[in-house]
Amino acid sequence: MVAIVANPQMEDAIELSDQFEADHPDIDLQFVSLPENEARAKITASVATGAASSTS
Amino acid sequence: MISNYETPQWADDGRLVNLQPYAEQTPGYDPDDFIPSIRESLSYDGDLYSVPFYGESSFLVYRKDMLEQAGLTMPDEPTWPEVADLARELHDPANGVSGICLRGLPGWGENLAPLNTVVNTFGGRWFTPDWEAQLTSPEFVEVVTFYVDLVTRYGEPGAAASGFSECVTRYSQGQAAMWYDATSMVSTVESPADSTVVGKNGYVQAPVVETDSSGWLYSWSLGIPTTSEHQDEAWEFMAWVTDKDYLQLVGAELGWERVPPGSRLSTYRIPQYAKVAKAYAEPTLTAMRAADPDNATVQPVPATGIQFVGIPEFQDLGTRVSQQVSAAIAGQTTVEEALEESQGYADSVGESYQEDQ
């Protein structure tokens, strides 16, 4: 699971990630896309409690 | 995603995986290609703990055609009072154009990012080296008054609720003559799919008063929490999305203006990117080179950071202060009252560090 910020360049990355998944059939990507302020708060909370996604 | 605010703090806490071995062992990844100021800001004890998706400083974009039509000239290195004069001249609400866009939305990463760079160059600071809060000092009051006056008089309507997203939309739709914000704005402002003002823009360094430069330094980056059960898989994806090949992929598939900027030096040597980025590549690199989180203020301070104070408490403190600033922009409180409240919050943080000393 990837916690990602909902800015335009990141939306592009989500769109293009099909190509990553095609090359990595063993990896199943899941994105949690949040606006900047919300992403900062949620990621800080989840890293603090250890309930973190694979990638922050 | 995290940033250069969280990375050194969470590396120090042991909450992030050291990525240096991954970065060095991944063929062709080339971590030395990251822009030096960004690489340093995402490192702890010389090792990378997060990798940049994009990097940014801040600069001023302006509509060349609007200034020309009004018989105005943008100085090569504008000061804030000069920018305020231009905003006054260019403000044309009857035609749906504001003189300038500036963030007013609460959030330490929202209105405080531009505001803190203005604080720095006006000679203000959040704390003295011995943690005395300075939010009601004459310099701080002067600069917040300047910012609030500028955005309420010649800024966008609904400024108190406008952040990066609202400003990028407004400017890209031709509704502002100037905008001071992240250099990463170019991916939208110069994108024909998203913007009606492509090719009409000039870019100059962040306006200054007492300092030589004042642009911020920020990177949205990717790190792996030490609690992750899929660290290798996480790295696979992070390496893919921050690699040189990904930048080529974005350019080829979506357009070269949409390449995430400010992460790698090599981006600026891609011929197709150099062509579309002619107006803003050099201003972006100049701003990123000048950004120095260790020397951002006129007077000495106890923690590093340009648009933030690099302490864990800043996330909460900054959010509270940003709410006060936003309320002042909305006219719900005065700048003096907003800063009195803010000083109270900052005092308690400062006192906790004084007790530790």
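Reader: By class, how many residues in the lining of the largest cavity are nonpolar, polar and charged?
Author: In this predicted model, 16 residues line the largest cavity. Tyr and Trp count as nonpolar and Gly as polar. On that basis the lining of the largest cavity has 8 nonpolar, 7 polar and 1 charged residues.

Reader: Which residues of that lining are the closest to the centre of the largest cavity?
Author: The largest cavity holds about 130 Å³ of space. Of its 16 lining residues, those closest to the centre are Trp126(B), Thr297(B), Val301(B), Phe308(B) and Val309(B).

Reader: What volume does the second largest cavity have?
Author: A search of the whole structure finds 3 cavities of 30 Å³ or more. For the second largest cavity, the volume is about 110 Å³.

Reader: Which helix and strands each supply at least two residues of the lining of the second largest cavity?
Author: Of the 15 lining residues, the closest to the centre are Glu36(A), Arg40(A), Glu56(B), Gly109(B) and Tyr218(B). The elements that each supply at least two residues are helix H2 (36–49) of chain A, with strand E3 (51–56) and strand E7 (218–222) of chain B.

Reader: What average pLDDT does chain B have?
Author: For the complex, the predictor gives an ipTM of 0.93 and a pTM of 0.91. In chain B, 100% of the residues score at least 70, and the average pLDDT is 97.

Methods: Residues numbered from 1 in each chain as written. Chains lettered and ligands numbered in written order. Predicted model: local features only at pLDDT ≥ 70, side-chain atom pairs only at ≥ 80, totals over all residues. Heavy atoms only, no water. 1 Å grid on protein atoms, 1.4 Å probe; cavity = no way out; pocket = protein on both sides within 12 Å on 5 of 7 lines; lining within 4 Å. Points joined across faces, edges and corners; volume = space filled by probe spheres on them. Helix = DSSP H or I, 4+ residues; strand = E, 2+ residues; numbered from the N terminus. pLDDT = per-residue confidence, 0-100.
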